[in-house]
Amino acid sequence: MPAVTRFFHPILPARKLAPGPVRVTVAGRSYALFRDARGRAAAFMDECPHRKAPLSAGRVRPDGRLECRYHGWHFDADGRGRSPSQPNLTKCDAVTMQLVERNGYLWLADPEVPLSALPAVEWDGFEPAGAFSMPFAAPLHVCLDNFSEDEHTPWVHTRLGWDAADVDSIEYTAENHADRTDVTYRGRQRDSWSRLLVGLKKGDTFNNEWETRFDPVRTIYTLYWTEPGTQRRRGITARAAIFMVPETDRTTMFHVFVGMRIEDRRLRLFAPALRKLAVALSWYEIRDDARFIPTVADTPEDQRGMRLGKYDKPLVHNHKLLKQIYFGEDQVVPISTVRGV
Ligand code: FES
Ligand SMILES: [Fe+2]
């Protein structure tokens with residue numbers, strides 16, 4: 001996999017680094033994370049400059065330096081290394097990465113990437129509700145495809161969205177742009193216990209609108225419900241930024257940031273409980289996808305030969321943007337060669 005750390009990726013909840021070391025893999029490259037004695041988080045390439053032992057197999061010394069397990073070379077958070085058996089040895093430094101603590105997560109990028117490139121996970125009018133991570137046992141392109149369509153909703157999910165009986169009355173739009181895809185779905189919310197918790201009426205319309213971006217790969221979903229006919233919005237809107245971080249060519253780590261806007265004043269009284277509910281529902285929905293995804297993990301990346309339909313239009317464009325923007329490749333399959341779109 002080509003290097004992708006010219007983009008900031010969320011890689012670990014900050015609380016999980018205490019003090020480490022922790023090994024994290026992004027696009028086939030591994031990094032050793034730790035905190036020094038002052039609590040500063042740092043990331044190195046996970047190989048010792050001496051003989052390439054994984055630094056993540058070492059330990060953080062009481063003085064806050066990361067010590068290699070093999071011959072005891074140790075490093076401060078800036079990567080400055082020393083060899084205990086040859087104290088005058090120079091050029092002992094570890095290869096450092098940029099590691100930023102933001103929104104409760106650690107974000108990794110190459111050292112020169114500006115902080116302004118950190119993707120937003122909080123939005124005007126939305127209150128942060130929480131965040132979580134979940135492993136997916138499938139390659140990035142399979143995960144991305146799954147999160148680029150809602151056609152699978154009645155078969156993979158059981159709470160949000162519509163039933164199989166309503167699939168032929170779904171309203172749907174998809175727009176391809178040079179840097180993203182925009183998608184909207186609208187359908188009759190299936191009846192479930194969660195409807196009552198958020199004050200929905202039977203037969204309300206479920207709206208799911210999202211954009212997919214590639215710097216790094218993520219979808220930002222906005223979910224809300226409307227009264228059928230009047231299109232009047234019900235009292236809450238949830239938004240979730242779902243980052244899909246490739247680990248190996250077989251596994252993808254998801255990091256999800258949830259926000260919530262409560263428009264109904266009466267519901268505001270229950271804001272803390274509703275925010276928890278939004279995170280819990282997001283977790284269950286995404287867990288549905290994570291449980292299913294091994295079934296399709298071997299799906300080839302090449303879409304030629306697939307009988308694609310209108311709901312797959314964003315998938316085709318997303319593959320192109322994945323290659324162009326995320327992996328920085330120039331060679332792309334022309335959309336016109338894919339059947340059915
Ligand atoms: S390989 Fe790390 S100290 Fe030798
Ligand atoms: Fe899904």
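**Note on a predicted model: strands, sheets and burial**

1. In strand β3, the bridge partner of V26 is R29. The structure is a predicted model, in which local features need pLDDT of at least 70, side-chain atom pairs count only at pLDDT 80 or more, and totals for chains, interfaces and linings use all residues. Residues are numbered from 1 along each chain as its sequence is written, chains are lettered from A and ligands numbered from 1 in the order in which they are written, and side-chain values use heavy atoms, with hydrogens and water left out.

2. The bridge between V26 and R29 belongs to the antiparallel pairing of β2 and β3, which extends over five bridges. Two strands are said to pair if DSSP finds at least two bridges between them. Strands (E, at least two residues) and helices (H or I, at least four residues) are DSSP runs, numbered from the N terminus. The hairpin of β2 and β3 has two residues between the strands, and A27 takes a positive phi near 50 degrees there.

3. Is strand β3 largely enclosed or largely open? Six of the seven residues of β3 (residues 29-35) are buried, so this strand is largely enclosed by the rest of the structure. Buried means under 20% relative accessible area, exposed means over 50%, and partly exposed lies in between (1.4 Å probe, protein chains only).

4. Strand β3 also runs antiparallel to β4, and five bridges join the two. Within this pairing, A32 stands opposite F44 in β4. The hairpin of β3 and β4 has five residues between the strands, and G39 in its turn has a positive phi of about 90 degrees.

5. Which strands make up the sheet that contains β3 and β4? It is an open sheet of six strands in the order β1-β10-β9-β4-β3-β2, with antiparallel pairing. The edge strands, β1 (9-13) and β2 (22-26), each pair on one side only. Neighbouring strands of this sheet are turned by 35 degrees against each other on average, direction ignored. For such angles, axes are lines fitted to C-alpha atoms (for helices, over the stretch in contact), and angles run from 0 to 180 degrees between N-to-C directions. In a regular strand the side chains alternate between the two faces of the sheet.

6. In the order of the six-stranded sheet, β4 stands beside β9. Two bridges join β4 (residues 41-45) to β9 (residues 96-102), and the two strands run antiparallel. Here A43 stands opposite M97 in β9.

7. A further open sheet has four strands in the order β5-β6-β7-β8, again with antiparallel pairing. Strands β5 (59-60) and β8 (81-82) stand at its edges with a single partner strand each, so one side of each is left without a neighbour in the sheet. Two bridges join β6 (residues 66-67) to β7 (residues 74-75), and E67 stands opposite H74 in β7.

8. Strands β12 (residues 171-176) and β13 (residues 180-188) pair in the antiparallel sense over six bridges. The bridge partner of E171 in β13 is R186.

9. Y221 lies in strand β15 (residues 217-226) and is buried, with a relative accessible area of 8%. Leaving aside neighbours within four places in sequence, Y221 is in contact (heavy atoms within 4.5 Å) with residues including F147, W210, R239 and I242. The C-alpha atoms of Y221 and N103 are separated by 18 Å, and these residues are 118 apart along the chain.

10. How many disulfides does the structure hold? There are zero, a disulfide being a pair of cysteine sulfur atoms within 2.5 Å. C92 is in no disulfide, and the nearest cysteine sulfur, that of C48, is 8.9 Å away. C92 is buried at a relative accessible area of 1%, and C143 is buried at 0%.

11. Finally, the chain as a whole. It holds six helices and 17 strands. Its radius of gyration, 22 Å, is close to the 20 Å that the globule rule gives for 341 residues, so the chain is as compact as a globular protein of that length. The radius is taken over C-alpha atoms, and the rule is 2.2 Å times the number of residues to the power 0.38. Buried residues make up 54% of the 341 residues. Among contacts between residues at least 6 apart in sequence, 59% join residues at least 24 apart.
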